[in-house]
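Student: Could we go through this structure together, one question at a time? I would like to see how each answer is reached.

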Amino acid sequence: MNRMELVEKLMTKVKTPITKADAERIVAGFMDEVKNAVAAGESVQLVGFGTFEARERAARDARNPKTGKTIKIAAKKVPAFKPGKAFKDAVNK
C-alpha cells in the first residue's frame, strides 16, 4: 500500500465523509508530527500499534570492498519502529 492508497482507505473508514484533500492533510500531518518528535529525541508511542523512536548507532570501522582499506563510520542516530503486541498479533493471524 502506498500513501495515496492509504488516503483512499482513510476516506472510507471515517464515519463523517471527508474529502481526499482532507485525508491527505491528515496523513501528511501525522507523518510530519511523528518525524518532528523523533528528530527532537522524543518517542511516539501508539498503544496497540507501536513506538517510533531514534536510536544511537555506535561508531565503527568498516572496509571499503573495492580497495580493502579500513574506514571509520561515525556514530549517528537512526529512526526505529517497534511494533506493539496487537500489531504483531494481527500480522501473525
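Tutor: Happy to; what follows is a set of questions and answers on this predicted model.

Student: Let us begin with a pocket. Which element gives the most residues to the lining of the largest pocket?

Tutor: The largest pocket has a volume of about 310 Å³. Helix H1 (3–13) and H2 are the elements that give two or more residues to its lining. With six residues, the top contributor is H2.

Student: How many residues of that lining are nonpolar, polar and charged?

Tutor: The lining includes Leu 6, Phe 30, Met 31, Lys 35 and Phe 81. Sorted by class, the lining residues of the largest pocket come to one charged, no polar and eleven nonpolar.

Student: Which residue in E2 is the bridge partner of Val 44?

Tutor: E1 and strand E2 (residues 50–57) pair in the antiparallel sense over three bridges. In E2, the partner of Val 44 is Phe 52.

Student: Last one: is Gly 41 buried or exposed?

Tutor: Gly 41 sits in the loop between helix H2 (20–39) and strand E1 (44–46). Its relative accessible area is 54%, and the cut-off for exposed is over 50%. Gly 41 is therefore exposed.

Conventions: Residues are numbered from 1 along each chain as its sequence is written. This is a predicted model: local features need pLDDT of at least 70, side-chain atom pairs count only at pLDDT 80 or more; totals for chains, interfaces and linings use all residues. Side-chain values use heavy atoms; hydrogens and water are left out. Helices (H or I, at least four residues) and strands (E, at least two) are DSSP runs, numbered from the N terminus. Buried means under 20% relative accessible area, exposed over 50%, partly exposed in between (1.4 Å probe, protein chains only). On a 1 Å grid over the protein atoms alone, a cavity is a set of points where a 1.4 Å probe fits but cannot get out, and a pocket is an open set with protein on both sides within 12 Å along at least five of seven lines; lining residues have an atom within 4 Å of a point. Grid points are joined across faces, edges and corners, and a volume is the space filled by probe spheres set on the points. Ala, Val, Leu, Ile, Met, Phe, Trp, Tyr, Cys and Pro count as nonpolar, Asp, Glu, Lys and Arg as charged, and the others, Gly among them, as polar. Two strands pair if DSSP finds at least two bridges between them.
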